[in-house]
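Subject: Structure handover

Hi,

Here is the structure you asked about. Please open it next to this message and follow along.

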Amino acid sequence: MSLKTQNQKPKKRRNGLRDDVAVPALGVLGMLRWAWTQLTSMRTALFLLLLLAVAAVPGSLFPQRPVNPAVVTQYLKDHADYGPILDKLQMFDVYSSVWFSAIYLLLFISLIGCVIPRAIAHWKAWRSKPPRTPARLSRLPVYGALVVPSDQALGAEEAAKQAAALLRKRGYRVDLRPAAKDDDGAGTSGAAGTAAAGTPAAGTSAPTGTAPVRAALASIGAERGYIKELGNLCFHSGLVGVLISVAIGGLFGYSGQRTLVEGDTFVNTLVGYDQFNPGTNFQSSWLEPYSLQLDKFDVRYDRESAQHFGQPLDFTAHLTTKDSPDSAAKQQDLKVNDPVNIGGTDVYLVGNGYAPVVTVRGGDGKIAYQGPIPSIPTDTVYTSTIVVKAPDAKPTQLGFVGFFLPTAVVGHDGVSYSADPDPLKPQLSLNSYVGDLGLDKGTPQNVYALDVAKLKQVNGRDLPAKGIVLDAGQSYSLPDGQGSISFDGLKRYVALDIHHNPGQEYALIFALFSLAGLICSLFVPRRRLWLRFGDHEDGRTMIEYGLLARGEDHGLAAEGRSVRSALAKAWDLPEQESPEQGASRQKAHNKTQSTSGKGL
Amino acid sequence: MGPINQTLGAYSELFMLLAAGTYVIAFLAFAWDMATSGKTAQEDATRLAEAKSEGKSSAKVPAMSGAAAEGPGGPNSGISATAGGANDGGSRVSPSSAVAARVARVADAGLTYTSRRAAARVGVALSILGLVIHAAGVVTRGVAAGRVPWGNMYEFCTTGAFLVVAVFLIVLIRRDLRFLGTFVLGLAVVMMVAAAVAFWTPVGHLVPALQSYWLVIHVSIAVLSSALFTLTFSMGVLQLLQSRREGKIAAGELDKGGFMGLVPSALTLETLSYRINTIAFVGWTLTVMFGSIWAEKAWGRFWGWDTKEVWSFVIWVVYAAYLHARATRGWTGTRAAWLSIVGYLCVVFNFTVVNIYFSGLHSYAGVSAG
Ligand code: HEM
């Protein structure tokens, strides 16, 4: 297939190493070198990239621990057969797994091994002159010739100077190569226009044995678009920067969650958090003791649209903040998509719900618990689950499990459900339990769950005492004087995420840096252009030019045309030789020999 | 947040239906063009051959990349792309002369308009008409809701289809890509039907999580890049077909002509789809970057391997691999085309399956809203 062979790009700068590899006795050093060569080859990079893409997929198929530990636990419970095997394979921690890390670390090592030699090579190219003029410009992909009539008496030297100035204006780096001085035949028969026969280039030694029929003619080597390779290097090294920034975030950052009921205050200390995830290198002294008080939480629902009726339109948490215990209080609004920045952290509004205020009394009539209890919404109308624990109830501890409904409506089957997210008819329906809640042993428990296995149920749908149903303001006494519970009022609460990530600005900066590099790399064409100038015996000045692209370049032919017409304009030439002729010459030429990049 | 204009919303849906109907007819016209194009290709071939013998036309320096422009020996073409590393020591290879001999049987490499093709013209005209109606539908939807019209699956599909057709028609101004008409219009119709049948959602406000100017920036670029990927996907498929055909012709098999005769050479397709893919890749890079900035604003972390993030990452990596493949020995041509196709399948997967079936922070597609 012709296609496959088309766009081959030879490995850059690897040939030297390649040759070493061919040496049969490798030895340890040789092996290492061989491994390194393999690792830093384009083919490996491509393979690792594809592998990375594939390896990322399981993370979307299985629940991930860092994102949702509870779902992972549930999954393991539901799939006791193969769940543990998946766990062994780190399918629930894909992005910190050994295999995923290995792939991206190898990829980045490969990247560094690839970028450094290229950066050195490019540094050298940047500081050196454009490459020497090829012997046969006509072999280049774009080629053409111009003839300045004798009446202009331009002369090769002057033409070269003018062309050089013109090219500089077009953004080329230009190296003017005067004709060799020492020969007598210079320019006499040198017909730039007839160069198909091959003109020895300046700087190359003339073929030995042949008479110096034509000495080196004046020529120009020019190149532009160095920024393409620079952009590519910036792009790749920027990626390394992004990776390092992410790692810094993991080392020195922290995050935590806190639910905050209206009226409550959060102070940024370790004990203030419901859950805290420190970075590997975290120190608690980094926490600045700022405080946030939730004054009020406003929610607005869509009351217009029939289909979206009751869908939330706006959440706003009104906060009173203090940068430190003794600084002045400030009023701030916290919204979804609009975090509050305080004390080096960002505070996000990630959830909300209702916190019914309840009072629980023990069998002795004393208050065992009083206050708001956050309930967990399970649907869009805030049908919420709630757990009330009263370990202080005497003589036996009390526990309640059930639902909170903001707008309770009794359905056909006699079961209540919530009809609206707003609290139009708030109602608690609970089952009650007595016994040892197991809180005294000090083992941490989920406050939103109650293990009822060892408890005695008192109230419930199927029990003689039935379930407890409380509207706002109502209270209920448990049978046999075991205690009571009352539903005193309703508050809202918000779930806050608090984050500190020192790496994230750097990640953004490096990402932008990469992006700029990428754009330069993809869209700046890198081109080489050579011109050769000769004086014809009859006084005409002959100029031939050729262009070569490095990398993909769809505009090379167009560039050839516009350089041509710029020169023609400068020398007042009519477009005497149409571009087509140049191209067809080139075509004819190409037919006769298999073209080769050699010698350029 | 102003009130929803229901009347305008209803008009919008009417426009969408009309646009979809027009696209269906345009699709049929392109399909007709495809079916009858064997003849056209034949005529073109004859005409080109005559022109060539008169020494015209063939020598033109191609307007575009010039990829394979010259057919035989195609000096400007892919080679200029590859001659790349100047001191590479490798040799440039000419396309096989067997292909060259029948070069007239593939469309003009410069993708300039050479043949008339009445059916295709009708297709283009109808596409333009459909696009105008479609524009009215998208705009009225936006005005009715008082926000940008890309906030749920219905709107992603309708606005996405609009962009796919618009990008296609814009490219048509400069290049004769009419051979892609059946694919592009077919896809647009599928998207419109999916929107109307599977994802239908009446005009409404956005949930708080989506109320951000990042929605405007992030999603618009995502949809635009996907539209470009759609084009390169179609071209990738054609490239595979064409290169098989070229292989057969080179092996001396008789070419049955037909539609593929109107399609440019595999190399031309590869070069052009590479160009489009580079733009789309930058677009996707921006999508991912803006997405993570938004995620940082909304959820407090710029990257958390949410399902949607995973798949956006996978897409990005696959297209990065595609760009690498184009610079790797033995990976250009057919293999690169496959990578581009796989990348697009990931885009589609991300857009459909992930939005609908995977739960995650991005589960706002509005499919089950209500
Ligand atoms: C994190 C992994 C990598 C990613 C995401 C990546 C991505 C890209 C992208 C998008 C391009 C095309 C744009 C451009 O030319 O700048 C590119 C080009 C390139 N990459 Fe990478 N790359 C990665 C690793 C590597 C490695 C390990 C190597 C070395 C073996 C490498 C060598 C190159 C080269 C030489 C080019 C230029 C190709 C050309 O001349 O067209 N890259 N890379």
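How many helices and how many strands does chain B have? The answer is 11 helices and 0 strands. Keep in mind that this is a predicted model.

**Chain B overall**

Read along the sequence, chain B runs α-α-α-α-α-α-α-α-α-α-α. Chain B has 370 residues, and 63% of them count as buried. Now the contacts in chain B with a separation of 6 or more: residues 24 or more positions apart account for 80% of these.

One backbone detail in chain B deserves a look. Trp305(B) has a phi near 55°, a positive value in a residue other than glycine. Trp305(B) sits in the loop between helix 8 (266-299) and helix 9 of chain B.

**The iron site**

Which protein residues donate to the iron atom of the ligand? They are His236(A) and His324(B), each through NE2. These donors lie 1.9 to 2.0 Å from the iron atom. His236(A) belongs to helix 10 (residues 226-252) of chain A and His324(B) to helix 9 (residues 307-325) of chain B, so the pair joins two chains.

Why is the arrangement around the iron atom octahedral? There are 6 donor atoms, and they subtend angles of 78 to 178°. Six donors count as octahedral if opposite donors are over 155 degrees apart and all others between 65 and 115. The arrangement here is octahedral because of those angles.

Are His236(A) and His324(B) buried or exposed? Both are buried.

**The sheet in chain A**

Next, an open sheet in chain A. This sheet has 4 strands in the order 5-7-8-9, with antiparallel pairing. Strand 5 (265-267) and strand 9 (329-335) stand at the edges. Each has a single partner strand, so one side of each is left without a neighbour in the sheet. From one strand to the next, the twist averages 30°.

Now the pairs. Strand 7 (residues 291-301) and strand 8 (residues 312-322) of chain A pair in the antiparallel sense over 10 bridges. Tyr301(A) has Pro312(A), in strand 8, as its bridge partner. Strand 8 and strand 9 of chain A also pair in the antiparallel sense, over 7 bridges. There, Lys322(A) has Ala329(A), in strand 9, as its bridge partner. A hairpin through 6 residues joins strand 8 to strand 9.

**A helix in chain A**

Helix 3 of chain A covers residues 27-39, which is 13 residues. From first C-alpha to last, helix 3 reaches 18 Å. That is close to the 18 Å expected at 1.5 Å a residue. Which residues are buried in helix 3 of chain A? Gly30(A), Thr37(A) and Leu39(A) are buried there.

**Backbone points in chain A**

Two spots to check on screen.

- The peptide bond from Lys394(A) to Pro395(A) is cis, with omega near 0°. Pro395(A) lies in the loop between strand 14 (384-390) and strand 15 (398-405) of chain A.
- Tyr382(A) has a phi near 60°, a positive value in a residue other than glycine. Its place is in the loop between strand 13 (376-377) and strand 14 of chain A. Tyr382(A) has a relative accessible area of 8%. Buried means under 20%, so Tyr382(A) is buried.

Best wishes

Definitions and conventions. Residues are numbered from 1 along each chain as its sequence is written. Chains are lettered from A and ligands numbered from 1 in the order in which they are written. This is a predicted model: local features need pLDDT of at least 70, side-chain atom pairs count only at pLDDT 80 or more; totals for chains, interfaces and linings use all residues. Side-chain values use heavy atoms; hydrogens and water are left out. Donors are N, O and S atoms within 2.8 Å of the metal (3.2 Å for Na, K and Ca); water is not among the atoms, so sites may look incomplete. Four donors count as tetrahedral if all angles lie between 85 and 135 degrees; four count as square planar and six as octahedral if opposite donors are over 155 degrees apart and all others between 65 and 115; anything else is irregular. Buried means under 20% relative accessible area, exposed over 50%, partly exposed in between (1.4 Å probe, protein chains only). Two strands pair if DSSP finds at least two bridges between them. Axes are lines fitted to C-alpha atoms, for helices over the stretch in contact, and angles run from 0 to 180 degrees between N-to-C directions. The expected span of a helix is 1.5 Å times one less than its number of residues. Contact means heavy atoms within 4.5 Å.
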